[in-house]
Amino acid sequence: MKILAFMFISLTGLAGAQDPGKEVIGKVRTGVLFGTNGSLESLGNGVVALSADEGASLRKVAKLESYKTFVKLGSVEQDILKGYKSWAQPISNSQALMLTFQPQASIKESRKLRLDVEYWQKSKMTLRWDRVFEVGKRVYLVGPEWRDGNLIITVELSSLESK
Amino acid sequence: MKNDRKEELLTRWMDDGLSDEEMKELEPVLSGSPELHEERARFLLLREKLRDSVPRKVDPPFPDYFNSHLEKLVKAADAAPMVQETPGVFASFNRLWLLWMAPAVTAAVVFAFLLGMKSAQSDNAASSLVDSAAGSEVYSPLANVSTEVIVDRDSDSTLLVVEGLAPLSDSDLAAGGGFSDGDHGYYVNIRGAY
């Protein structure tokens with residue numbers, strides 16, 4: 001029996017090791033920001049205020065120019081796997097707002113990667129965005145209204161494995 | 001000349017693959033059916049056009065677009081007039097043509113099947129390109145969604161402004177429960193999903 005168990009573990013371990021799709025080619029950080037004029041107390045613990053520069057940049061968008069405060073509600077950093085589609089849940093206890101990302105092509109430049117990003121709202125694929133992401137350059141998706149403000153989803157290629 | 005030998009020589013003749021001796025062997029057949037030269041010329045022209053119009057390698061931005069494009073091509077092919085069969089050597093030439101085209105048709109069917117599998121991720125066939133700017137393309141399956149891509153040169157950032165999304169309610173984001181960074185998230189195997 002022990003021999004059988006050992007063989008099973010060995011074989012499953014071998015199968016996992018042979019999956020080239022699980023190769024980590026980089027990391028993506030997804031997050032959710034909130035622009036508001038209301039009180040931040042009701043948001044609970046864990047919110048982080050955005051820098052003045054980032055707030056000023058967001059205020060250039062007509063839809064966001066009236067908001068005085070921008071905070072980060074949550075974020076998550078995940079591996080980009082070569083052959084897998086990854087699901088990101090930037091706010092840990094909510095599945096109403098989720099993102100998927102998957103690499104679309106091999107790395108052409110050392111700091112750039114084409115990703116296919118999907119925005120899912122309440123279990124429905126709402127938007128698909130195909131673009132080249134560059135390490136360290138955050139991309140904003142000005143999303144739905146929530147409470148008295150507006151939610152903004154961010155996607156950032158935080159690192160890329162060198163080839 | 002036996003039919004099998006004739007078909008073999010005709011096939012290679014179409015691809016300029018005959019030696020001088022084989023060409024001499026085939027000449028009686030060609031002189032007896034001058035329309036074969038015309039057919040060969042049309043075949044070569046079609047081959048050149050196909051080579052010019054089909055890129056050697058293409059990275060499809062989205063399968064939805066290619067599916068609709070393939071559908072359009074199939075409809076156009078169906079609408080094209082049928083070619084009447086001709087007897088004798090010409091008929092055997094047509095059979096050769098079919099043999100030559102079979103792998104191409106099979107490849108096209110496999111290609112369409114793979115695209116169909118990939119597009120299965122979208123549950124709405126009416127998805128459409130809603131924006132294309134700044135080196136990116138945006139699609140939405142929802143007809144009322146529109147987008148605008150803004151590139152902010154000062155902060156060197158890109159913003160995608162989405163209009164038409166349904167607002168989220170308090171309960172959707174579990175307000176009051178607190179928010180925090182975390183390493184949550186999961187992934188699925190692409191090959192298993194599509």
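Me: What does the secondary structure of chain A come to?
Reply: In this predicted model, chain A has two helices and nine strands. Read from the N terminus, the elements run α-β-β-α-β-β-β-β-β-β-β.

Me: What makes a residue of chain A count as buried, and what share does?
Reply: The cut-off is 20 or more other C-beta atoms within 10 Å of the residue's own. Of the 163 residues of chain A, 42% count as buried.

Me: Which strands make up the open sheet, and in what order?
Reply: The order is β2(A)-β3(A)-β1(A)-β9(A)-β8(A)-β4(B)-β3(B), an open sheet of seven strands with mixed pairing.

Me: Why are β2 of chain A and β3 of chain B said to stand at the edges?
Reply: β2 (48–49) of chain A and β3 (146–152) of chain B each have a single partner strand, so one side of each is left without a neighbour in the sheet.

Me: How do you know that β1 and β9 of chain A pair?
Reply: Pairing needs at least two bridges between the strands. Strand β1 (residues 24–36) of chain A and strand β9 (residues 149–160) of chain A are joined by ten bridges and run antiparallel, therefore they meet the definition of a pair. Within this pairing, A:Thr30 stands opposite A:Val155 of β9(A).

Me: What joins β3(B) to β4(B), and what lies between them?
Reply: Seven bridges join β3(B) to β4(B), and the two strands run antiparallel. Against the cut-off of at least two bridges, they therefore count as paired. B:Glu148 has B:Val161 in β4(B) as its bridge partner. The two strands form a hairpin with four residues between them, and B:Asp156 in the turn has a positive phi of about 55°.

Me: Why is α1(B) called roughly perpendicular to α2(B)?
Reply: Helix α1 (residues 3–14) of chain B packs against helix α2 (residues 20–32) of chain B at an angle of about 110°, with axes 10 Å apart. Angles of 65 to 115 degrees count as roughly perpendicular, so α1(B) is roughly perpendicular to α2(B).

Me: Which residues make that contact, and how do they divide?
Reply: α1(B) contributes B:Lys6, B:Leu9 and B:Trp13, while α2(B) contributes B:Glu22, B:Glu25, B:Leu26 and B:Val29. The residues of the contact of α1(B) with α2(B) divide into four nonpolar, no polar and three charged.

Me: What span is expected of α1(B), and what span does this helix reach?
Reply: The expected span is 1.5 Å times one less than the number of residues. With twelve residues, α1(B) reaches 16 Å from its first C-alpha to its last, close to the 16 Å expected. α1(B) is followed by B:Asp16, with a positive phi near 55°.

Notes. Residues are numbered from 1 along each chain as its sequence is written. Chains are lettered from A and ligands numbered from 1 in the order in which they are written. This is a predicted model: local features need pLDDT of at least 70, side-chain atom pairs count only at pLDDT 80 or more; totals for chains, interfaces and linings use all residues. A residue is buried if 20 or more other C-beta atoms lie within 10 Å of its own, exposed if 12 or fewer, and partly exposed in between; C-beta atoms are placed from the backbone. Axes are lines fitted to C-alpha atoms, for helices over the stretch in contact, and angles run from 0 to 180 degrees between N-to-C directions. Angles under 35 degrees count as roughly parallel, over 145 as roughly antiparallel, 65 to 115 as roughly perpendicular and the rest as oblique. Two residues are in contact if their C-beta atoms, placed from the backbone, lie within 7 Å. Ala, Val, Leu, Ile, Met, Phe, Trp, Tyr, Cys and Pro count as nonpolar, Asp, Glu, Lys and Arg as charged, and the others, Gly among them, as polar.
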